[in-house]
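Welcome! Take a look at it first, and then read on.

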Amino acid sequence: MSVLSRDEAQTRAKLLDVHRYTIDLDLTTGDETFDSRTVIRFTARTDADTFVELKPALLRSVTLDGQRLDPECLDENRLPLKDLTAGEHELRIDAAMRYSRTGEGMHRFTDPTDGETYLYTQLFMDDVQRVFAAFDQPDLKAVFELTVKAPEGWTVLANGLTEHLGEGRWQAAATPLISTYLVAVAAGPWHSVRTEHRGLPFAIHCRRSLAPYLDADADEILEITKQCYDRYHEKFEEPYPFDSYDQAFVPEFNAGAMENPGLVTFRDDFVYRSAVTDTERQTRAMVIAHEMAHMWFGDLVTLRWWDDIWLNESFAEYMGYQTLTEATRFTDTWTDFGVARKSWGYDADQRPSTHPVAPEAVEDTASALLNFDGISYAKGASALRQLVAWLGEKDFLAGINTHFARHRFGNATLADFIDSLAGATERDVHAWADAWLRTTGVDTLTPRVAPAADGTCTLTVEHTGRRPHRIAVGLYDLDVADEGRHLVLRERLGLDVPQSAAQPIGKRPALLLLNDGDLTYAKVRFDPGSFETVRAALSGLPRPLTRAVVWNALRDTVRDGELAASAYLEAARTHLPHETDLALVQGVLAFATTQVTDRYLTSEERPAALATLASLCRDLIRRTEDGDNPGLRLIAVRHFIDVAAHPDTIAAWLADGTVPGGPELDPELRWRVLGRLAVLGATDEDTIAAELDRDPSATGQEGAARCRAALPDPQSKAKAWDAMFSGDDLSNYLFTATAQGFWQPEQADLVREYVQRYYEDAVAVAARRGPAIADAAGRWAFPVHAVDAETLRLGEQCLRDADPIPALRRKLVDQLDDLARALRVRQA
């Protein structure tokens, strides 16, 4: 397939003005393909050649201004339009298109629970070509009119309000000017909950088998939606720009959600079948807020080319967290951001694949797809949070509203945005943008505390990096009345880095914490005295966000080889039994398990680490026996299952259907226990099959695939490997579940032969099945447990010799860098 380059897009944008797409889809033609008929009305500004994109199963006919073109001229995904004359044109294309099972294009899913089928589009980047013909680039906006023929009994959703015309035919209201990648259709026998807010139709939708679970949470989901909608209208002068607001929870979705105007699609994991923590509910609420922010950042005003993806994602990420904090019951969302998202940005920004938040050269769509990472989301949102701290929210919002007014229903660049901000302030926003958005890497801030002659101290911040930072410095003293178990904030100082002079701080505090409040994006270190206080009294810090900054600093020092991995486990064992914030407990346990225990410690050290974590989880379970904190208890139970080194306790839980004292084992916990029993060799195929009979849902199918791949016998491993890499039948979710089960640190000897096979087989399946499976193969099927020089050598050889497609190459580069880091941590 030919990918679109930036030069080609710029050339075509100068040539064409695209007015309207009239699209007719027939979804009743069978299980493999659907019919797609497209009429594109456009104007050519001069005489020239160009092309339109599509990826058909069969191209039946093409006419341009009534003249037939030869369908055989289609070259991969490009249909040449030669000898265009200046003026208006009409292009008609009739094709059959393939359904997808990988979450790209028109995804088709049949629910194993009840046999009902659901379809939805995901047209991001260049997948619109899998559904209809298009001049596929974000700056050729147009009006879209869709009609859809669907089986009787189905509902069709689209960007605008839809009307059933009878006999399975649906008409969607014409859209305003939007980009091709934002067109959306979802069709099936949806279960829907509808309401109205401020005169606008709101609705949420899911497949029928999930109806009871959606109904249970409908009030919460719709309340969050309305609260965010109202808050955005307080912030933004431009009103919501579309005719309705639908949110569809769809199966086997690759991302968290997609900001299609008027029809946001979410992964239906957000319709909770099993117990979840309040932090997980907060995450769902944040995604709702994030996607609604896109209605302005991305949909109303759209990037001109993919180098400015941060204008979409960084803004939606920042606005999602900030608006949730301001408008809903989730008032502490920045703690979760610091723990769960910011580390994603820090990790990505220290790999060879790092890039600026706003890169200057994204040459083509394949390269652009790689930049949807922790930098474009978490680092960009952190940069915006720092910008607001530096600029002030009033001027920040004034610049944003100028930006909307100037570019509504159009396209904009970084330069356009900076110009809008600059008009609202006297500060040098252009210099800020150069320092923050055009550079790579993570700055490091280290405190140097020096005694003065009068017995007081001064603070100098050693700054490794190039960015200016506005930070808060927290000075904490031990609470003597409480025998030093708690820390009391003495003062929080504002500080600009680089400093103009040393900062007086009075008597030496027990803890000096840089970036208290987490307003900037930088790694922070401790002076020796503060580090000893952290080891002894971390859990005694008063604010969760402060504790998040400390835990992130400990995480960074482990990853940088400055703190022993075992010391991080010791800190977790000491302080998590006293932690009250669920996001912190979850984040620390996740890092302790998946990175410290599974990668940074050797196989000889791992059993003791698992025992430490199991003991910690038992303490948390005992602490929550009174039922006052079910979320904390659920986290502890989950992680106890994950680190169990012996099957007896969790096998008894499964047999009894409950943890003593609760919770009862719901489907998620049952599959979790069974998965761990499979790893330990304490279950078999018959038990897995029986559990699947008990839970035949889509998530049950994934649970069974994960368990079967985890069974510690050669036949199970061979069967799982063949399913992933030899056949093409696994959907994106079943591929991921199989990969998650396959590699287990306890089974290193059993799967050793597959480490070498991985590289060749992953390259082949990625080339055959495309970017979504390439991403899954690189992320989930990589042998992360194999922390040794040979795995690294094989991977580096693959990158040199095998030419993996870009999506897999990026994942391999990142995985190999993480592997090299794990080797350095072990040596340190």
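Which residues of helix 11 (residues 528-537) are buried? In this predicted model, they are Ser-530, Phe-531, Thr-533, Val-534 and Ala-537.

**The whole protein**
- The protein holds 26 helices and 28 strands.
- Its radius of gyration is 27 Å, close to the 28 Å that the globule rule gives for 828 residues, so the protein is as compact as a globular protein of that length.
- The C-alpha trace spans about 90 × 70 × 55 Å along the principal axes of the protein.
- Of the 828 residues, 61% count as buried.
- Among contacts with a separation of 6 or more, 72% come from residues 24 or more positions apart.

- Ser-530, Phe-531, Thr-533, Val-534 and Ala-537 are the buried residues here.
- These residues lie on the same side of helix 11, because they cover an arc of only 160° around the axis.
- As a general point, an α-helix has 3.6 residues a turn, so residues three or four places apart point the same way.
- Pro-528 and Ala-536 are exposed, and they sit on the face of helix 11 turned away from its buried side.

- Four strands in the order 26-23-22-28 make up an open sheet with mixed pairing.
- Strand 26 (503-506) and strand 28 (523-524) are at the edges; each has a single partner strand, so one side of each is left without a neighbour in the sheet.
- Strand 22 (residues 444-451) runs parallel to strand 28, and two bridges join them.
- Opposite Thr-444 stands Lys-523, which belongs to strand 28.

**A buried residue in a loop**
- Asn-371 is found in the loop that lies between helix 6 (365-369) and helix 7 (375-391).
- Is Asn-371 buried or exposed? It counts as buried, because its relative accessibility is 6%, and the cut-off for buried is under 20%.
- Beyond its neighbours within four places in sequence, Asn-371 is in contact with Ile-309, His-355, Pro-359, Val-362, Ser-376 and Arg-810.

Notes: Residues are numbered from 1 along each chain as its sequence is written. This is a predicted model: local features need pLDDT of at least 70, side-chain atom pairs count only at pLDDT 80 or more; totals for chains, interfaces and linings use all residues. Side-chain values use heavy atoms; hydrogens and water are left out. Two strands pair if DSSP finds at least two bridges between them. Buried means under 20% relative accessible area, exposed over 50%, partly exposed in between (1.4 Å probe, protein chains only). The arc is that of the directions from the helix axis to the C-beta atoms. The radius of gyration is taken over C-alpha atoms; the globule rule is 2.2 Å times the number of residues to the power 0.38. Contact means heavy atoms within 4.5 Å.
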